[in-house]
Amino acid sequence: MTIRKATVADREQILALYQKVAHLPDGIIRNPAEITEDYIAYFLNAAIANGLILVAQEAGELAGEIHAITPDIQAFRHLLTDLTIVVDPDRQGQGLGKGLFQEFLRQVETDFPHILRVELFTREHNDRNVRFYESLGFVNEGRQERKILLPGNTFHTPIHMSWFNPHYGA
């Protein structure tokens with residue numbers, strides 16, 4: 001497996017990966033209809049310009065992607081937010097996501113000394129994901145009761161998690 005920075009040339013493979021993951025229960029927050037070329041182009045361009053986006057590649061195919069973006073607000077220039085990670089369902093449970101995440105955080109530590117916080121949301125009921133993020137050093141900063149609206153007027157509660165760059169300001 002090779003982990004590298006994404007480029008705009010990866011757009012079609014990222015789109016296919018997101019469409020595959022969007023069909024999984026608890027895969028990502030967006031439903032399959034929301035995974036469009038425009039959505040992928042938006043976050044790909046934003047993360048390249050003002051954030052970090054990495055892909056994991058195996059045998060010429062993208063097997064995973066992770067990105068986060070710094071908002072265009074001066075007061076938030078010290079954070080990467082809206083972190084999203086996807087791993088091909090056929091390759092989950094094999095350490096690919098952990099390797100991708102560890103490389104992402106390593107690059108933040110070494111190449112982004114101006115970034116203090118990396119932020120994400122995960123569903124509170126997804127104990128596996130919560131434990132995974134905690135194992136990487138993320139801390140639970142609180143829950144947002146019934147924020148995620150599901151079909152049938154039911155809800156999920158996400159929790160906000162943050163990781164703090166030990167090399168901030170270095």
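User: Is Leu120 buried or exposed?

Analyst: This is a predicted model, in which local features need pLDDT of at least 70, side-chain atom pairs count only at pLDDT 80 or more, and totals for chains, interfaces and linings use all residues. Residues are numbered from 1 along each chain as its sequence is written, and side-chain values use heavy atoms, with hydrogens and water left out. Buried means under 20% relative accessible area, exposed over 50%, and partly exposed in between (1.4 Å probe, protein chains only). Leu120 has a relative accessible area of 2%, so Leu120 is buried.

User: In which strand is the place of Leu120, and with which residues is Leu120 in contact, leaving aside its neighbours within four places in sequence?

Analyst: Strands (E, at least two residues) and helices (H or I, at least four) are DSSP runs, numbered from the N terminus. Leu120 belongs to strand β5, residues 117-123. Contact means heavy atoms within 4.5 Å. Neighbours within four places set aside, the contacts of Leu120 are Leu83, Phe101, Tyr133, Phe138, Ile159, His160 and Met161.

User: Which residues are linked with Arg91 in a network of salt bridges?

Analyst: Arg91 also meets Asp88 in a salt bridge (3.8 Å, N to O), and both Asp88 and Arg91 are buried. Glu58, by contrast, is partly exposed, with a relative accessible area of 25%. The network links Arg91 with Lys20, Glu58, Asp88 and Asp90.

User: Why are Glu103 and Arg106 separated by about one helical turn?

Analyst: An α-helix has 3.6 residues a turn, so residues three or four places apart point the same way. Glu103 and Arg106 form a salt bridge, with their closest N and O atoms 2.7 Å apart. They are separated by about one helical turn because they lie in helix α3, three residues apart.

User: Which residues of α2 are buried?

Analyst: Helix α2 comprises residues 37-50. What covers its buried residues includes α1 (11-22), β2 and β3 (61-69). The buried residues of α2 are Tyr39, Ile40, Phe43, Leu44, Ala46 and Ala47.

Definitions and conventions. A salt bridge is a side-chain nitrogen of Lys or Arg within 4 Å of a carboxyl oxygen of Asp or Glu. The expected span of a helix is 1.5 Å times one less than its number of residues.
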